[in-house]
Amino acid sequence: MHDDRALVETRIARFVEERLKPALYRERIAARVERWEVPGEPVPFGTAAAAEYSPIAQGTPWGRPWGTTWFRVAGEVPAEWADAAGARAELVVDLGFTGTAPGFQAEALAWTADGAVIKAVEPLNRAVPLPDRGPFELYLEGASNPDVVAQWSFAPTTLGEWETAGEEPAYVLRSVDIALLDVTVWELLQDIWTLRGLYAQLPKSLPRRAEILRALERCVDALVPDDIAGTAQLGRDLLAPAFAAPAWASSHRIHAVGHAHIDSAWLWPMRETVRKVARTFSNVDALISEHPGFVFAASSAQQYAWLKRDYPDLFDRVRQRVREGSFVPVGGMWVESDTNMPGGEALARQFVAGKRFFMEEFGVEPLEVWLPDSFGYSGALPQIVRAAGSRWFLTQKISWNETNVMPHHTFRWQGIDGTEVFTHFPPVDTYNSELSGAELARAERQYAEKGAANTSLVPFGWGDGGGGPTREMIAAARRTADLEGSPKVRMSTPREFFEAAEAEYPEPPVWSGELYLEFHRGTYTSQARTKRGNRRSEHLLREAELWAATAAVRGVADYPYDELEELWHDVLLHQFHDILPGSSIAWVHREAERAYEQIASALTDVIERSLRALAGVGSQTMRVNAGPFAVGGVAPLGGGAAPGGAAPTDASAVTLRREGDAIVLANGLVEATLDGDGLLVSLVDSASEREAVPAGHPAKLLQLFRDTPTQWDAWDIDAHYVRSAQELRDAESIEVVRADAASVVVRIVRRFGASSVVETVSLDAGARAIEVRLDVDWRERQKLLKLAFPLDVLADRASSEIQFGHIQRPTHANTSWDAARFETVAHRWVHVGEPGYGVAVANDSTYGHDVRRTNLDDGAAVTTVRLSLLRAPLYPDPESDQGEHTMRVSIMPGADIPDAVGEGYRLNLPLRTVTDAAAASIEPLIRASGAVVECVKLAEDRSGDVVVRLYEANGSRSTARVVASFDAEASETDLLERVLPSSRARLQPVAEREWSLQLRPFQLVTLRLARGED
């Protein structure tokens, strides 16, 4: 080799760009193209085919943002092309693609003239197959999706809604050509791409690196610039020895799984996701036909359900591919859900709904949970995964950590109840791999288990509408199957990988607790209306199922299986990891808000129908309690007579007194003092007579912060926000609006910037908690509103409710892991305490919290619980959270964990009143002690059996008792209601209709009660 290596590298690169790539197509002929602009939302093929088309020339603008343009394409493949050796005809389309990532711009779906889906056209997958010769006609359904990414500038954009995106064309049609692909040149390009990628990763001192460069140089020397087609095979022959050298025995082993991460909504609306799925799945179907051995894995039952509804013929083709084993449903969930904010029952139903769909439609049960992109993973998830019958878990997102590097790539993940699930975290650090040399080398270099194991998984394919895997990626996989200097790559399925990884590494390290993502912490708070809709829907679903099941078992109404299933599917869809976290465009969140209103209306109707059937018509009034704990004298899961207006006793009556400017509320259980600005300056529970609020540090304090993340606006809260606190102490007005023996209510109005907050503070007779309702008119931009409760408690950790239990997190920052966890998620409550004393803060719609311990000047410790109420990011929705919001918070002094659990349910499941009833009460179907009943419903198989889901909530071992009010035989099942071969909970009959269970801390149990005769 006579030239300097850098010069040789440059020469090769230039030759590829200027000589080889232009020679990829031997000939091109412009096709005849006509167009029809759809006046509104997308239309079916039949409507488009019957429309009037007009000619469109290359270079013509087309497609308003979010519009649909159908192109009718016709032409003739020259007869002589059929005899061209090593070549084939295809249609090559350039819709005006930009340099942006492939899934964030224009796309198209190709149809035959008689309405069959062919495949898609995307920026990195532009070819559509054509007949060998003769005339043809086909249609392209072009989607002019705008570039909301804008090179990830995070600048405010009007492109996130149809109404504000504008009418000007977003793209220019560059070319639609009938082209003759030179297959040998294409293969040569793949050879060179693979070898150049490998060369760039090898150490300079390695002889193998010099061999590759010499082979590439000889290839370029042999290629005749004016006759690339005629000399391409010679070039391939000269490269063949470089591919003949086998991989080292110690090389890393990679299972390459075809994949296309399609967000169910994000920077596009759901209706566009439906089309993205059709485009991607049709691409995959075409690839499978051309490349035996290629396997594609796709998650999200919802996406298959969309395909079945809107593209039934393509769905049937997918079903056939599943039978063949080349198309693999994975994940077992309805969508790739967020796992931080869905409630326990909702997260369980992701698996119930997802697995049922896959089993009923395809006869397969996915055993791997496939969640590459969710924003952190709940410590409750391992138990839920195993309870659903799954064995393995995969994620990629933890590679985005800002501060700490995850120490493992293959490990056993242990949840809060001790359940473990075999987990893989691909070291390739991407779920959109193209199997480049850099990616394969990175996977091998970063793999943390070297010396103990040597196998990892790489998901390959362009995501989010980029088209999924391409023929180039499959070529890369085949070339690196056994190549010296490269990891060994085999196209595989997730199951094959996990079985191989488990066999290779039977005793991997254990990671205990949540997989906290040190990034995207703002997703616990962004788009508060979406989050409130989710919380409300979850609790309405609980009520609807409970009362509908009770009515069905009592024989007074039919159980609305179909209606409830559809509503569950809607709620589960909106728990997708870019909807519930609040990180989508305005279009998505406005649709979500409308959907939650419809869900609430439908569920309220189910509840009212069921309760009316149970109560009958008469003159009675009763209250019903869907919660798992007695409230106001009403038994859990049942109903009782409403009090007849009797006044509370003197001991429980609420009193109000004034001490100067201060207002004191008391009821014999708790006493709260509001100062002249309505701040909570004292909170004492009568049992301990202990002050919960530190002197000089008022609680219930609203704080406003600048919120300007460094990168991802709607996603992130950065640590520097704490340096810009503004305390909103001043009150515009304070008014006592109610003061009687039953309740005292104080209203406080505060104004700041362009916004206002009305705080309604109340204490009821018999209550141990002060309740605060916040009505916020939010008009700030790039601000964060928090509600702070400084507490006189020396707590080294905070307990936060998650699904089916709670998790404890440090309140200090001893380590970098502690410091990075500065914003955390909690469901209905947070508890901080020291031995013998604690305080609970509950909420009805908030998820984001921070809890930190600080010291006062006198050395006393203060633990501050802060709830993140509202944000106002500008990207991707510049109107995020603007307008009116209502949320409720309560604070209970002298509370232990069981108190916190009960208060969380009480705040989220208020009693309902049934008037004009014939019955004075509703007997609960189920009574339970020693465990919390999360769900009462009828079985998914529509047998009429009753299903009860319960869990140990306090973090201690317990003996639970379950009593049915109807004849039944009880058995323990998994989440899919399949009877377990052995009872992990040791279910034992105690008496007729009564059973006991031994539960470990946080254990989740599903019981199936096969009904007998009442």
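Predicted model: local features only at pLDDT ≥ 70, side-chain atom pairs only at ≥ 80, totals over all residues.
Let me start with a pair of strands: strand β35, residues 770–778, and strand β44 pair in the antiparallel sense over 9 bridges, where two strands count as paired if DSSP finds at least two bridges between them. Residues are numbered from 1 along each chain as its sequence is written, and side-chain values use heavy atoms, with hydrogens and water left out. The helices (H or I, at least four residues) and strands (E, at least two) are DSSP runs, numbered from the N terminus.

Staying with β44, which covers residues 883–893, we find that this strand is mostly covered, since 8 of its 11 residues are buried, and buried here means under 20% relative accessible area, with exposed meaning over 50% and partly exposed lying in between, for a 1.4 Å probe and protein chains only. β44 also pairs with strand β41, residues 837–843, in the antiparallel sense, over 5 bridges. If you look for V889 in β44, you will see that V772 has it as bridge partner, and that N843 stands opposite V889 as well.

Let me turn to another sheet, an open one of 4 strands, whose order is β47-β48-β53-β50 and whose pairing is antiparallel. β47 (932–938) and β50 (968–973) stand at the edges with a single partner strand each, so one side of each is left without a neighbour in the sheet. Neighbouring strands of this sheet are turned by 25 degrees against each other on average, direction ignored. Between β47 and strand β48, residues 946–951, there are 6 bridges, and the two run antiparallel; one place to look is V933, whose bridge partner in β48 is L950. Helix α9, residues 344–362, packs on the sheet, touching β47 and β48, and its direction makes about 45 degrees with that of β47. Contact means heavy atoms within 4.5 Å, and axes are lines fitted to C-alpha atoms, for helices over the stretch in contact, with angles running from 0 to 180 degrees between N-to-C directions.

How do helices pack against each other? The axes of α3 (residues 183–201) and α4 (residues 207–222) come within 10 Å and cross at roughly 150 degrees. That makes α3 roughly antiparallel to α4, given that angles over 145 degrees count as roughly antiparallel, under 35 as roughly parallel, 65 to 115 as roughly perpendicular and the rest as oblique. Among the residues that meet are L188, I192 and L195 in α3, and I212, L213 and L216 in α4.

Helix α14 (residues 528–553) and helix α15 (residues 561–573) pack at about 160 degrees, with their axes 11 Å apart, and they are therefore roughly antiparallel to each other. In this contact N534, S537, L541, A544 and E545 of α14 meet L564, L567, W568 and V571 of α15.

Finally, I would like to point to Y505, which sits in the loop between α13 (494–504) and β22 (510–512). Is Y505 buried or exposed? With a relative accessible area of 12%, Y505 is buried. Leaving aside neighbours within four places in sequence, Y505 is in contact with T410, F422, E449, A452 and A453, whereas the C-alpha atoms of Y505 and L784, which are 279 residues apart along the chain, are separated by 46 Å.
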